[in-house]
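Hi everyone, thanks for making time for this. Let me put it on the screen.

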Amino acid sequence: MKRSAQPTAVTILTIGLALLFATPALAIGATGTEPVGSATLVDRPAAYDGSRVDFEGEAIAAPMPRAGGTWLHLNDDAYARSHVLEGAGLGGYNSGMPVWVPGEGAAAVKTFGDHRHVGDLVRVSGTFNAACAEHGGDMDIHATELVVSAPGRRVHDPVDPWKLPAVVVMGLLAGVAFLAERRAGRHERTGLS
Amino acid sequence: MTVRPRRRDHAIVAVYTGKVIIGVGLLMLVPFATSVAFGEWDTALDFLISIFACFVFGFGAQAIFRTARDPSWTHGLVVASGSWIWATLLGALPLWLSGHAGSYLDAMFDAMSGFTTTGLYLLQDLDHVSRGINMWRHIMTYAGGQGIVVIALTFLFRGTAGAYKMYVGEGKEERLLPNVVQTARAIWLVSLAYLAVGTTVLWVAAMWLGERPLRALLQSAWIFMGSWSTGGFAPQSYNTMWYHSLTFEIICIVIFVAGSFNFALHWAVWKGDRREIVRNVEILSFTVTLSAFTLLATFWLAKSGVYPDALALARKAFYQLVSAHTTTGLSTIYSKAFVSQWGTVGMLAVTFAMAIGASACSTAGGIKGLRVGMIFKSLVRDVRKMVSPESAAVRGRYHHIRTASLDDAALRAVLTVVVLYAIMYVLSGALGALYGYDLSSALFEGVSASSNTGLSCGVTDPSMPGVMKAAYIVFMWLGRLEFMSVFALAGYAVASVRGR
């Protein structure tokens, strides 16, 4: 009985130790390994100010190179991986976070999201600043690590098939209205009614 | 007895409204050309459909309701206010066709917000919209700043009879030149000159900041339009926080302060009267109230320790407050940061600044500095009366282009409008509170919409209740036209139904 009790004690001890070490690991996970959402950061900036965070989002529009680094804007919204032109449903406003990448680190990002592109999905680790002293009080993340987790792509911008006939019909109607107005104006000028 | 409008009255209203809507259709040629230039064919078709829809309405109305009669005051006011509704209905079409608006109501919200230079928006996934759609958003706000009736007066009206009545109906009263059509053209001359200069300066700054030339040019033109018209639209969802540049922010501030000045003041300065800048009661009023609210917000933010140093604090506080007071609505902080960082006092300072607004006969909204200045001068006059001997004749005067005496009739008109604005602000705030938003946020957003500012603390959202969206559309319309022409339209509608 005593022999069989020993493994149980070891198991309990192991689980206990695992939990002891896992708790801080989980806590770090909340700010260090699992990406934090921009909505959370904007809603509770003081709680994360100065913390190391992981953040993932679609690189938007264009890089903004400056002395000593580059600004990236990463959107972690409903459109980060799918484009409205590809049939993705509307999912509210855009939301994201400006990320300051020192040196040449941002060069790894090749595709930026716009009307015709889904941008690279970029994951950064860095320090969150509720009001950055280096950048005039902006809310930002200063990245120390950057990984392109999924490459961006060009999306097709198809013409809706019903729009061309609609243009023709509306154009004809506008032409008729224009001619009718001209005719009415001429009648008025010549005293006819 | 209420007189029912006759067919000939409807004809006058329809013909002149048609002219304004043709003007809206012609404006769409700019985003159409933009879409074609960038090969955005689907968007280009959206604009063609919308342009033809405007022409069908405009030419159709003129063909069906033929009349050569000149509009009366009632007609002028009804045309001015009704045109904004039709322009909103048809201006929303390309936004809705783009697939980025959740509903036609959302698209109308953005169109009204654009034309009234408010700057709140419900368009979704702004960061992926086409260049054509972004051009249309900014053209709406640029044209709306001058006034869509002013556009029609400038380009589409041959005669001047009745034109002044529509011009007044659009919330402008001042004649820069004796002829109102010439005045409308002078307004456009001022605006286009600033467009050329302002866009060039922003373009150079954007390229210096690392933007590519073509992208920098488009962004600069759009930011200029959003700034000059005190509109607040920006091409990216990050608004002007996108640029992370003090230089860019200073240029924007100069442009939106210039845009918030009275066109008559611009014209006086153009004509060489530079002293008008320091003598004008609107500028004095604006300077005093802006300083007071900026100090209040700065004190509060310093006390809260939100920003790390004095420069960051001054930069953030000044930009948001000037943007609020000029009713521009551009911002360099997140909307929700007003709640999470600025707090109740910071939000109240911004709310009061938005409520007052900038100059009359400008692109700005709100109560206006002229009215605040006149009320203050009247207060000073009354205090002087109280401390003077009974036999003394105490008169008040104010300077706005020319020096005028404060007479009771003018003051009564001023107070009427101020009371109407106050009622609208309270109603807009109460509506938000009734829908469960906290009072400071509801008031902030309601005043922002009603004063045509466009700063948001997060209340405006595609998921906002439909009633609030519709109410904000009405508040933006009322605020831009300053009530009277909207009341005239309501009276006209009632008379059409119940008159004899």
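Let's begin with B:Arg137, which has 30 other C-beta atoms within 10 Å and is therefore buried, since 20 or more is enough for that label. Before I go on, please keep in mind that this is a predicted model.

Where does B:Arg137 sit? It belongs to helix α7 of chain B, which covers residues 131-146. Leaving aside residues up to four places away in sequence, B:Arg137 touches B:Gly114 and B:Phe233. If you'd like a distance to check on your own screen, take B:Tyr121: it is 16 residues from B:Arg137 in sequence, and the two are 9.8 Å apart, C-alpha to C-alpha.

Now for some helix packing. As a reminder, two packed helices are described by the angle between their axes and the distance between the axes.

Who meets whom here? From α6(B) we have B:Leu105, B:Asp106, B:Met108, B:Phe109, B:Met112 and B:Ser113, and they meet a set in α21(B) that includes B:Tyr472, B:Ile473, B:Met476 and B:Trp477. Sorted by class, this contact has 9 nonpolar, 2 polar and 2 charged residues.

The other pair is α18, residues 369-387, with α19, residues 408-434, again in chain B; here the axes come within 10 Å and cross at roughly 125°. That angle makes α18(B) oblique to α19(B). This crossing, too, is left-handed. On the α18(B) side you'll find B:Arg371, B:Met374, B:Ile375 and B:Ser378, facing B:Leu411, B:Val414, B:Val417 and B:Val418 in α19(B).

Finally, let's zoom out to the place where the chains meet. How many residues does each chain bring to the contact? Chain B brings 54 and chain A brings 49. On the chain B side, α3 (41-64), α16 (310-325) and α17 (337-356) each supply at least two residues. The most comes from α3(B), with 13 residues. By class, the side of chain B that touches chain A divides into 26 nonpolar, 15 polar and 13 charged residues.

That's my tour, and I'm happy to take questions.

Key: Residues numbered from 1 in each chain as written. Chains lettered and ligands numbered in written order. Predicted model: local features only at pLDDT ≥ 70, side-chain atom pairs only at ≥ 80, totals over all residues. Contact = placed C-beta atoms within 7 Å. Helix = DSSP H or I, 4+ residues; strand = E, 2+ residues; numbered from the N terminus. Nonpolar A, V, L, I, M, F, W, Y, C, P; charged D, E, K, R; others polar. Axes fitted to C-alpha atoms, helices over the stretch in contact; angles between N-to-C directions. Parallel < 35°, antiparallel > 145°, perpendicular 65-115°, else oblique. Left-handed = near helix turned anticlockwise from the far one by under 90°. Buried ≥ 20, exposed ≤ 12 C-beta atoms within 10 Å, placed from the backbone.
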